[in-house]
Amino acid sequence: WLSSAKISEEFLQESEGTEATSRRIIKIILEKKKEEKRAIELIGLTHKCATDYVVIEGTNADLMIRAFPMLSLIKSGAAEEKIRKELDAELKTAEASSDALEAVNAISGLKIKDKAGIFIGARMGRPEKAKMRELTGSPHTLFPIGEAGGKMRSFQAAMDAGKVTSQLPIYQCPKCGAKTIFPVCENCGSSTKKLYFCEICGEIDKPKCPHGDAKSYKEQTIDINHYMGTAIQKLNINVFPDLIKGVRGMSNKDKIPENLCKGILRAKHEIYVNKDGTTRYDMTELPITHFRPSEIGTPVEKLRELGYTADAYGAPLDTPEQLVEIKPQDLILPGATYSMDEPANEVLFRIGNFVDELLVSFYALAPFYNFKTKEDVVGSLVIGLAPHISAGIIGRVIGFSDTQGCFAHPLMHAAQRRDCDGDESCVILLMDALLNFSRQYLPDKRGSRTMDSPLVLTAKLVPAEVDDMVQKLDVSWSYPLEFYDACEKYLMPGAVKMDTLGTRLGTERQYEQMGFTHDVKSMNEGMNCSAYKTLPSMEEKLKGQMELAEMIRAVDAVDVARLVIEKHFLKDIKGNLRKFSIQQLRCVGCNTKFRRPPLSGVCTKCGGKLIFTISKGFVLKYLEPSISLAKKYNVPPYLKHSLELVKRRIEGVFGKEKEKQEGLGKWFG
Ligand SMILES: [Zn+2]
Ligand SMILES: [Zn+2]
Ligand SMILES: [Zn+2]
């Protein structure tokens, strides 16, 4: 096939300015044959297609001619006999070789190396995320409204009911004598006195009594309209938001609620409270060392104000396309507009407005942020905090990318004890945390009081103090040839001296003048929202995954089917079947859960109807997909038998429902 190639060489005259330059274009033209064309597809050789021909051009053509001496003979116009002789020699060499790479090398005048030594396959762990955090039930405030709030846990429902019964702290105002639940009297503004509760003596003024430790709270019924009324008066507003949501009960040790005013203002600004009193924005973490102003939507003038006076090469920063090195504690937050969730700039803008209104109308202080537009959020300080830890770090917002990731310096991610890729972190607007965070709100459970709360705050990032994994980060502008040679020999990483962050500790260069090896046009280009998030149902997600598995040559579709069934579906079905048999019952009216159904058959609290918490459909949902997937991809017999056994167990619980099973429709085949 190759010996029938036609090789053409053209010289194109290009006039650039006043100078005319000529550019050589070399083409290898080959007959379009099915099997042969597939071969050049498989080796990844770029080519163009005409009706009857395939054309290899430019550098690729040059390299082909060098790799196959026969092609250079054709190019030089050698006699047919000479070409035929060369072809025979090449075929002989190829046949004697043990593999393709050896064969190509035996023929070629160039040394051709394996494209990569070892390929590592990976599966998606989790889809990307950028979203304001909401607790279950999306409360605006940590204030208990008990059963009175209804299913929505709303203050409106509670106000209609008039009374709220819940466990709350006890205070008494020394000035006006009123009993209250707040440390400051909502009637006269004086500081109130804390009371305690003993089951025998009742309310006492000391935490201890002869009967032992008294509780700092008691179950009490409060006039919710009184508390809402005084809150509205304090905030000096006439109308309040349509829906303000609280929590069912307080889970902290002393049952301390938030002030209602905070809930009213949060609802007004459409933000939600987290268990420690702050509002959080959760994001997927991504490492970055350099950015271009155009990528993050921040004007150059603003960046100069923030200290970015020069670009990565030391030239003054003037244009949005210059490459700039990010400072270690700066953050580029998610500003994606195509996501189903709100971007960080909109959420932080509203949190800032909430904080300002809280400062002015609740604390009678001056506003702090004065945000006029979303762009004003740039320059604000935030606390960066990863789940499971209690140490936050101060960061500064410098812009918003059109992605769902939080781009920051690898050091910044390491300071949050993350390993820089795909983990999750969150930001809290600093003044929100300073005003509204309290350790006392945290649930009285093991772990809750030490994890995921900013108990300790780091103001200055010291590279020597963060997780040392980041010290292995290579920071040179290019890899030396020595590095590639060492890789080919599978030497240990220490064998080649590379410029790493660890070698710069304690010097000024630990924070700056880092390099990178592969540039991109824009961090905002590419696949920014995975299909896993946009496909609505599990069925579509799975079908998409199997479609890809069949298309990608490196993937064994049967093995993917086996893994999906084994690791996900079977576990789910077995787990859900077990959960079904030990499940609780739930009241449709008040959500109370019952471990066993009461004899009356209705809710003992409100008389409401009781329903299962786990439905039959929940158990059955992945059974049919697993069976049809197993059938279509002919998974190993052991797995098929496991599925059959699970099916029989399910039929043992629910009985055989042949017609209905058919009605569900098959996902595969
Ligand atoms: Zn008072
Ligand atoms: Zn007592
Ligand atoms: Zn009920």
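1. A residue is called buried here when its relative accessible area is under 20%. By that cut-off, 44% of the 669 residues of the chain are buried. Please keep in mind that this is a predicted model.

2. On overall shape, the C-alpha atoms fill a box of roughly 115 × 75 × 45 Å along the principal axes. The secondary structure comes to 21 helices and 24 strands. The radius of gyration is 34 Å, well over the 26 Å from the globule rule for 669 residues, so the chain is more spread out than a compact globule.

3. Now to the inside. Nonpolar side chains tend to be buried together in soluble globular proteins. In this chain, the largest nonpolar core has 78 residues, and Phe 143, Phe 291, Tyr 308 and Leu 333 have the most contacts inside it. Helix H11 (residues 344-362) gives this core its largest share, 10 residues. Domain 2 (146-268) and domain 3 (281-510) each supply at least three residues to this core.

4. Phe 291 is a handy place to start looking. Leaving aside residues up to four places away in sequence, Phe 291 touches a set of residues that includes Ile 296, Leu 303, Tyr 308, Leu 323, Val 324, Ile 326, Ile 332, Ile 398 and Met 523. Gln 322 and Glu 325 are also among the residues that Phe 291 touches.

5. Another core, of 29 residues, lies apart from the largest one; among its members are Ile 565, Val 619, Leu 629 and Tyr 633.

6. Of the contacts between residues at least 6 apart in sequence, 67% join residues at least 24 apart. The chain exposes about 36900 Å², with carbon and sulfur atoms supplying 54% of that area.

Key: Residues numbered from 1 in each chain as written. Chains lettered and ligands numbered in written order. Predicted model: local features only at pLDDT ≥ 70, side-chain atom pairs only at ≥ 80, totals over all residues. Heavy atoms only, no water. Core = buried A, V, L, I, M, F, W, Y, C linked by side-chain atoms within 4.5 Å. Buried < 20%, exposed > 50% of the residue type's maximum accessible area, 1.4 Å probe, protein only. Helix = DSSP H or I, 4+ residues; strand = E, 2+ residues; numbered from the N terminus. Domains from an automatic or database assignment. Contact = heavy atoms within 4.5 Å. Rg over C-alpha atoms; globule rule 2.2 N^0.38 Å. Areas by Shrake-Rupley, 256 points an atom, 1.4 Å probe, with all protein chains shown as cover.
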